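Subject: Structure for you to look at

Hello,

Here is the structure I promised to pass on. Please open it next to this message, and then read on for what turned up in it.

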Amino acid sequence: MTPEEKKDLLPEGQETPEEETAQEETPVEIVEDDDFADSHPYVAPEPKAEEEKPQEEPLEEDVEELPDDEPEPEAFNASEHGEFDDPRLEGIETARQAWQKSYKSLNVIRIILSVGTLVLVVGGYLIPFLTIQNQTEKSKWALIVAAICAAVGIAGIAVFGIIQRRKDKAGIHDYFETYYNNLNAYIFEGLPVESLQGGVDNKITPEEANACGLYPNTSQVGSRDSITFTYEGLDCALCDMATQKEEGRGLRTTFVGKYLRMENRFDGNEQGLVIYYKGNDRALPPEVLPNLNKLSANKRFAIYGSSADKKYLTPKMHELLRKVFTDDFLVDVAIAIKPGRTYICLGYEDTLMVLPNERPFQPGFVKRYREQLKQFLELAKALSGEASKA
């Protein structure tokens, strides 16, 4: 995710869509949300030497090797699932088009005002210059009239700029609200979800963001669409979240994705258990991993924590863990199981985390996310219901 893309993850302090869509490599344009990503200088990680290739991490002598017998799923192709076969998905695209239409209309008015001001200034200068015979008076009045015209035109542009920013902000908010209302209604349909509360304007506290313990020294936390609900009677919470830490003279992003939390009855070590699914080059592994005790691992994921707490991961839990796969869409997964609460950090690509602006909304990514969220809700439920019985 480039610095410009990250800026666009956040709604206040908005830039124009032209600025948002400057990067051609971005799969979808971005609607800004200054409170979600960074509006600060971005510090890119040091590029890896070309000869460095990721190698499979060797197992330590006391680390259990986990079975890896699950067949890898077929690669996901969003274009094959691009139908607007649900009114809520269609509603997102309708809201995007409405916002774009409003934005472009206001832009046209601004351009007309700017051109009109230029014509007014030129006309204000030429009319006295052509009608007054006295050379001294001619020059004086030409400048005076031109200055008055310029002042009136600039004042008009400034007033319209204020009106435009307010309308843009309101339009973006309406789009965000429609997007998340429809998204939540779609992804939870058919699931045992009740008591859904919250919405796009709700945010999490820094304390809740840091409670997972996976991304220490976080200095900036952005969030949106913080919601709470029950899943088969278990208290849950979900939001979009981005975290950053200070590095050098700027900030470095440590996580961007969906942050899922659910209550559990784990009563082991206070540090709990950590499960990390390796991802591709876009992944942001938790920086705490090198300091944790690795219990078991295979080529896809590893489990960290106290040996005494291994008993809490039941055979059913291991079965569900083996079914999780990262890909080009879900770039990595970090799970922290602590006494009383499970934290699941789903690192997603921009195709889900960035709201489309000028290009059409692609429903295939939301459909994929819906399937994966159900999988992780079941995973968290298994821990809550079975770990305490082990």
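How many bridges join strand β5 to strand β10, and in which sense do the two run? Seven bridges link β5 (residues 250-263) with β10 (residues 341-348), and the strands are antiparallel. Within this pair, Y259 sits opposite C345 of β10.

Before the rest, a word on how to read this. The model is predicted, so local features need pLDDT of at least 70 and side-chain atom pairs count only at pLDDT 80 or more, while totals for chains, interfaces and linings use all residues. Residues are numbered from 1 along each chain as its sequence is written, and side-chain values use heavy atoms, with hydrogens and water left out.

The sheet

The protein chain has eight helices and 10 strands; these are DSSP runs numbered from the N terminus, H or I of at least four residues for helices and E of at least two for strands.

At the β1 end, β1 and β7 (residues 294-297) are parallel over two bridges, with E65 opposite A297. The next pair, β7 and β8, is antiparallel over three bridges and forms a hairpin with three residues between the strands. A297 has A302 as its bridge partner in β8.

The helices

Axes here are lines fitted to C-alpha atoms, for helices over the stretch in contact, and angles run from 0 to 180 degrees between N-to-C directions.

The axes of α3 (residues 87-131) and α4 come within 8 Å and cross at roughly 180°. That makes α3 roughly antiparallel to α4 (the term covers angles over 145 degrees). Their contact has 29 nonpolar, 11 polar and six charged residues. In that count, Ala, Val, Leu, Ile, Met, Phe, Trp, Tyr, Cys and Pro are nonpolar, Asp, Glu, Lys and Arg are charged, and the others, Gly among them, are polar.

The cores

Of the 390 residues in the protein chain, 46% count as buried (under 20% relative accessible area, with a 1.4 Å probe and protein chains only; exposed is over 50%, and partly exposed lies in between). The largest nonpolar core has 63 residues, and Y179, F188, F229, V366, Y369 and F376 touch the most other members. Such a core is a set of buried Ala, Val, Leu, Ile, Met, Phe, Trp, Tyr and Cys residues joined through side-chain atoms within 4.5 Å. Helix α8 (residues 363-386) gives the most to this core, with 10 residues.

Leaving aside neighbours within four places in sequence, F229 has contacts (heavy atoms within 4.5 Å) that include F188, V193, L234, L260 and L377. Apart from that core lies another, of 22 residues, including C212, C239, V288 and A297.

N181 is partly exposed, with a relative accessible area of 45%.

Best wishes

Methods:
Two strands pair if DSSP finds at least two bridges between them. Angles under 35 degrees count as roughly parallel, over 145 as roughly antiparallel, 65 to 115 as roughly perpendicular and the rest as oblique.
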